[in-house]
Amino acid sequence: MKKIIFTALMNAALLSTAVMAVEAPSGDMKDRAVKGAQAKAEAGDANGQFALGGFYYQGIVTKQDYAKAMYWFEKAAKQDHDKAQFNLGYMYYDGRGTAKDLTKAFEWFKKSAEQGDTKAQLYIADMYYSGKGTKQDYQESFFWYKKTADDGYPKAQHEVAKMYRAGLGINKDMVKAKEYLNKASQQNCADAQYDLGQMYLTGDGVEKNTEEGKILMQNAYLNGKKDAKEVLDQNKWKEIPAYEKQLIQ
């Protein structure tokens, strides 16, 4: 089964959600925000270290400096701050403020994941699957994807479904595959809609149902899956406008 790696765009978005959200203050408030975080950080407060790292990473209230961001994230990470651990892992993963090091990235992602950070769980699932920064292990990959999928994340639900379909890390189970594809499809995951649509069109693991397959392909295309357009064209099916969009329940 061909692994679909999360895109670089998604990677960047994940980091931005992990860094403490800070509205850009102005004037005296800007100075007070930085000085306040600096004081707490230097006093050893993990939240202050995380916040200061975020300021330097984002360059919102101070000059952007990845090296300083990494320094403060590491301080907080060593105090078991889960979001700092994720951000530190990402900086190793992407080579920001440091040389790229997938082994260290995995180590910090794992610490964060074990504390329940969903973004970190997605990364280590992906790294276990592809053998990036750690030994390839489909069972571990499935474990972390499913953990995240059961928390409601559609991309993870799609990955779990693919592993059930291929029997990677888990016994092959087309019923479970359909279940997770349905969950992801209902959250407008285009890849899941496309895969489930193909199952209905071919009768692979489900009772063949052309109408349901058609609707799923139309939705997959509307949600950005370009391959669905080829299926629609081959069957001479029209693309439906967004306001008529339907989802298989």
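The model is predicted, so local features need pLDDT of at least 70 and side-chain atom pairs count only at pLDDT 80 or more, while totals for chains, interfaces and linings use all residues. Residues are numbered from 1 along each chain as its sequence is written, and side-chain values use heavy atoms, with hydrogens and water left out.

**Whole chain**

The secondary structure consists of 13 helices and zero strands. Helices (H or I, at least four residues) and strands (E, at least two) are DSSP runs, numbered from the N terminus. Of the 249 residues, 45% count as buried, meaning under 20% relative accessible area, with exposed over 50% and partly exposed in between (1.4 Å probe, protein chains only). The chain exposes about 12600 Å², and carbon and sulfur atoms supply 46% of that area; the areas come from the Shrake-Rupley method with a 1.4 Å probe, and for residues only the protein chains shown count as cover. Among contacts (heavy atoms within 4.5 Å) with a separation of 6 or more, 50% are between residues 24 or more positions apart.

| Pair | Angle | Axis distance |
|---|---|---|
| α5 (residues 82–94) and α7 | about 40 degrees | 10 Å |
| α12 (residues 210–222) and α13 (residues 227–234) | about 140 degrees | 8 Å |

Axes are lines fitted to C-alpha atoms, for helices over the stretch in contact, and angles run from 0 to 180 degrees between N-to-C directions. The angle makes α5 oblique to α7. Angles under 35 degrees count as roughly parallel, over 145 as roughly antiparallel, 65 to 115 as roughly perpendicular and the rest as oblique. The crossing of α5 and α7 is left-handed, a term used if the near helix is turned anticlockwise from the far one by less than a right angle. Phe86, Tyr90 and Tyr93 of α5 meet Lys119, Ala120, Tyr123 and Met127 of α7. By class, this contact of α5 with α7 has six nonpolar, no polar and one charged residues. Ala, Val, Leu, Ile, Met, Phe, Trp, Tyr, Cys and Pro count as nonpolar, Asp, Glu, Lys and Arg as charged, and the others, Gly among them, as polar.

Helices α12 and α13 are oblique to each other, and their crossing is left-handed. The contact involves Lys214, Met217, Gln218, Ala220 and Tyr221 of α12 with Ala228, Lys229, Val231 and Leu232 of α13.

**Thr118**

Thr118 lies in helix α7 (residues 118–130). Thr118 counts as buried because its relative accessibility is 13%. Leaving aside residues up to four places away in sequence, Thr118 touches Thr148 and Tyr153.
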